[in-house]
Amino acid sequence: MSDHEDHKAESFMEKISEKVHGLKDDSSSSSDSDDDNKISAMKSKVFRLFGREKPLHSVVGGGKLADLLLWKDKKVSGGILGGATTIWFLFELLEYHLLTLVCHSLILTLALLFLWSNASTFIKKSPPKIPEVAIPEKPVMEIVSSLRIEINRGLAAIRHIASGKDLKKFLSVIAGLWFVSIISNSCNFLTLIYILLVLLFSVPVTYDKYEDKIDPLAEKAWIEIKKQYVVLDAKVLSKIPRSMKELKDKKKV
């Protein structure tokens, strides 16, 4: 009888201990979830460059383009950058011409394949398997369609600026074009494209690697730019009329 009572007491104590542990687990899990919520809230308040809320992979376009720019596949990204560097080296430093390079490359390729195909019977090796190369229609149409959309957007923006409805935008576009013309005078078009390509393949991956160090510096710089813009807006920009109609009205007054 006493053994039976001892067994009941032990089982009762085990139940109590299980409930206590359960309460502890619930409290610990709830505290963990609260900590996670606090961390996510703190991360959302952290300054991100360009005010982005999405991951950098989505910001730079997503898909294969983002994989290339962020060096997810180092062989492909390195191959593209290496190929661009080779082309720039040939055209700029060695002063090769495009048509000459294409002709020399075709001559070398055709001569090697022709000699290999005819010499395979003598050296008792299989002839080269030359693949059938054809441009698919669907990707070309997609590229042409996207280019058409972007060109139409550019033409619509040019029409809006030229209509004289927004003088500030007109002056900013003129200043931007003038800045580009100054840069183009110091380097030719190919060098400019190569510099842009190097920046595309270096800046995003560097920012992705050191964003925790770059974002605080960018925040300080952005605050200072805002302060200077407020001063510039108060002294200069606010006095510029938004359109020629507004300028005429000011003259009448």
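Modeller: Let us begin with contacts, where contact means heavy atoms within 4.5 Å. Leaving aside neighbours within four places in sequence, Ser-77 is in contact with Asp-67, Leu-68, Trp-71 and Phe-201. This is a predicted model, in which local features need pLDDT of at least 70 and side-chain atom pairs count only at pLDDT 80 or more, while totals for chains, interfaces and linings use all residues. Residues are numbered from 1 along each chain as its sequence is written, and side-chain values use heavy atoms, with hydrogens and water left out.

Biologist: In which helix does Ser-77 lie?

Modeller: Helices are DSSP runs of H or I with at least four residues, numbered from the N terminus. Ser-77 belongs to helix H4, residues 74–93. Its side chain reaches the backbone oxygen of Leu-68 at 2.7 Å.

Biologist: Is Ser-77 buried or exposed?

Modeller: Buried means under 20% relative accessible area, exposed over 50%, and partly exposed in between, with a 1.4 Å probe and protein chains only. Ser-77 counts as buried because its relative accessibility is 0%. Across the protein, buried residues make up 12% of the 253 residues.

Biologist: How many helices and strands are there in the protein?

Modeller: A strand is a DSSP run of E with at least two residues. The protein has 9 helices and 0 strands. One of the helices is H6, residues 137–162, with 26 residues. Just after H6, Gly-164 takes a positive phi of about 80°.

How values were computed
A polar contact is a pair of N or O atoms within 3.5 Å; within protein, one must be able to donate a hydrogen and the other to accept it, and residues adjacent in sequence count only if both atoms are side-chain atoms. The expected span of a helix is 1.5 Å times one less than its number of residues.
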